[in-house]
Amino acid sequence: MSTQAGRIETTRVGERPRDRVIDGAIVRYTAGERITHWIVALAFILAALSGLAMFHRAVFWFSVFFGGGPWTRVLHPFIGLFMVLAFVLLALLVQSDNRMSAADWRWLRQWRDVLGNREERLPEVGRYNGGQKLLFFVQILCLVGLLVSGIIFWRPYFAIYFSIPVIRIAALVHAICAFVLIIAVIVHIYAGIWVRGSVRAMTRGLVSPGWAWKHHRAWFREVTNGTSPRPGAH
Amino acid sequence: MPLQSLDIVRRSATTQPPPGVRAAASPSVAKLIDTSKCIGCKACQVACMEWNDLRDGIGTNVGVYDNPPDLTDQSWTVMRFSEYENPSGNLEWLIRKDGCMHCQDPGCLKACPAPGAIVQYANGIVDFQEENCIGCGYCIAGCPFNIPRISRRDHKAYKCTLCSDRVAVGLEPACIKACPTGALVFGTKEDMIQHAAERVQDLKSRGFEQAALYDPQGVEGTHVMYVLHHGDQPELYSDLPKDPRISPTVRLWKGIAKPIGLALMGFAALTGFLHYVRVGPNETTERDEEAAAEARKRTEEQTKRPAPPETRPPGPGKQS
Ligand code: SF4
């Protein structure tokens, strides 16, 4: 067991290693992680708005944000590609904490307690809970689907290399993946609003010890007794 | 766009009906292409170029008479030649003038996401309005006949207009004007069906038992129809589809998936809001902070204490 457990460290802003207790708050996300997250988020919003504009006539007016219909068609694939690349970066940063365990499945099975704010009944959660991990994998699947199908009907560059039946299937797959991803992100955004303190975690990087204790107790223990496996935490 | 004077009855990506109190007097029109009379002279292709100011680039000879080898944004009609050896061992040269069929139920219009980029007039003509086109190519996926082409120059979709500009002022399409054999005729759809019936009868009397009119009902009929000597085998004519219909994939993607998908997204957001109203935010309370502080103190003490064995109270069965 490490001996530096629980030591309160104060460092200059911008030098906050993850999983440390600083000035009575716990560092949940480093500046790099936060910035990557918000780049992905911004790209997602732009990709979703431009994509929805071409999905349903009711929201075709979203295309005004992109300079009209043709510009929406031109920009959407580039925004999407950018989002995928940024997400790959984000995924590399957080993937080691997103392995599903038996406790995570139990957590998911107890979704009624989750939604009812009865966290005391749930298994102890590490850095991420079952829902967050599930979201992570759903996002990966959707983005792979979107990338592959999107390239197939990307005009004028790639669509010419594919047959019409393939393009039809790609367009359908693209719509389905986008739908699932948008629903997943709506859930993600709501969870951030609902669980107070989460937005601060992703904007300032900090959470209170009580927050960590309540929502991610196993992670809290790791952080406070210095057994956190995170690089930089030793 | 002055929709009312153009007698537009359908408009892509538009949920509300176009102005329609003026019951359009224009009857449903049709072009009839009689493959049994066509000699493949391509006068219609030339007339199309002339009237529409289209000039396709000089291509390369690919070893067949088809020239250019495929429809392009500059070639809205192309004669397709196929050599068919009939059961009695004779060669038949089946020539088909390819181009937009002007479906009564147009797959392109269904698939198009840009409001008003594709319209259908009361007379049945399906027309692209390039000023509204965004160049996505969904119309290509929607079309059961593989007709629309996107220009590399302006990234807009183009295809045969059935000379909607000429028809609107009472003229027949340019191709019809140029046809030297009368293989192309134009008129009301009713008249064309009648004319086709006579042609089919004539062909049958000449030994083409299977001669038939091609007016596929899978797309609710077309405003460009064929008289085929081998009406039972339209595929012989350079893969003219036997039973064209809007692909089920496109129907799913552009039909039910669109409204349901959008509704579910809205529903998800609404569910979140209602959950918030019902259950409220999940807040960290003072108690949690205290519990966390307590837990931290405990760990700190545990780890700080050197825990030498002699300070331990001796007791039976006590193990560490
Ligand atoms: S490319 Fe075709 S589907 Fe896309 S906007 Fe233009 S006409 Fe509509």
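## Helices α1 and α6 of chain A

Helix α1(A) passes helix α6(A) in a left-handed crossing. A crossing is called left-handed if the near helix is turned anticlockwise from the far one by less than a right angle, and right-handed if clockwise. α1 covers residues 31-53 of chain A, and its axis lies 12 Å from that of α6(A), at an angle of about 135 degrees. Axes are lines fitted to C-alpha atoms, for helices over the stretch in contact, and angles run from 0 to 180 degrees between N-to-C directions. α1(A) and α6(A) are therefore oblique to each other; angles under 35 degrees count as roughly parallel, over 145 as roughly antiparallel, 65 to 115 as roughly perpendicular, and the rest as oblique.

On the α1(A) side, A:His37, A:Phe44, A:Ala48 and A:Leu52 meet A:Leu181, A:Ile182, A:Val185 and A:His188 of α6(A). Contact here means heavy atoms within 4.5 Å.

## Basis of the model

The model is predicted: local features need pLDDT of at least 70, side-chain atom pairs count only at pLDDT 80 or more, and totals for chains, interfaces and linings use all residues. Residues are numbered from 1 along each chain as its sequence is written, chains are lettered from A and ligands numbered from 1 in the order in which they are written, and side-chain values use heavy atoms, with hydrogens and water left out.

## Chain A as a whole

Chain A has nine helices and three strands, arranged along the sequence as β-β-α-α-α-α-α-α-α-β-α-α. Helices (H or I, at least four residues) and strands (E, at least two) are DSSP runs, numbered from the N terminus.

Of the 234 residues in chain A, 51% are buried. Buried means under 20% relative accessible area, exposed over 50%, and partly exposed in between, with a 1.4 Å probe and protein chains only. Among the contacts in chain A with a separation of 6 or more, 63% are between residues 24 or more positions apart.

## Helices α5 and α6 of chain A

The axes of α5(A) and α6(A) come within 8 Å and cross at roughly 150 degrees. The two helices α5(A) and α6(A) are therefore roughly antiparallel to each other, and the crossing is left-handed. Their contact includes A:Leu135, A:Val138 and A:Cys142 of α5(A), and A:Val166, A:Ala170 and A:Leu181 of α6(A). By class, the contact of α5(A) with α6(A) has 16 nonpolar, six polar and no charged residues.

The loop between α5 (130-152) and α6 of chain A holds A:Pro156. A cis peptide bond, with omega about 0 degrees, joins A:Arg155 to A:Pro156.

## Where the chains meet

Helix α6 (residues 164-194) of chain A also packs against helix α9 (residues 257-279) of chain B, at an angle of about 15 degrees and with the axes 10 Å apart. That makes α6(A) roughly parallel to α9(B). Their crossing is right-handed. Among the residues in contact are A:Phe179, A:Ile183 and A:Trp194 of α6(A), and B:Leu264, B:Met265 and B:Tyr276 of α9(B). The contact of α6(A) with α9(B) has twelve nonpolar, three polar and no charged residues.

B:Thr299 touches A:Thr224 and A:Asn225, not counting residues up to four places away in sequence. B:Thr299 is buried, with a relative accessible area of 14%.

## Backbone features of chain B

Most residues other than glycine have a negative phi, and most peptide bonds are trans. B:Ala13 has a positive phi of about 45 degrees although it is not a glycine. B:Ala13 lies in the loop between β1 (8-11) and β2 (29-34) of chain B and is buried, with a relative accessible area of 10%. B:Ser238 likewise has a positive phi of about 45 degrees, but B:Ser238 is partly exposed, with a relative accessible area of 21%.

The peptide bond from B:Asn67 to B:Pro68 is cis, with omega near -5 degrees. B:Pro68 is placed in the loop between α2 and β3 of chain B.

Technical notes: Ala, Val, Leu, Ile, Met, Phe, Trp, Tyr, Cys and Pro count as nonpolar, Asp, Glu, Lys and Arg as charged, and the others, Gly among them, as polar.
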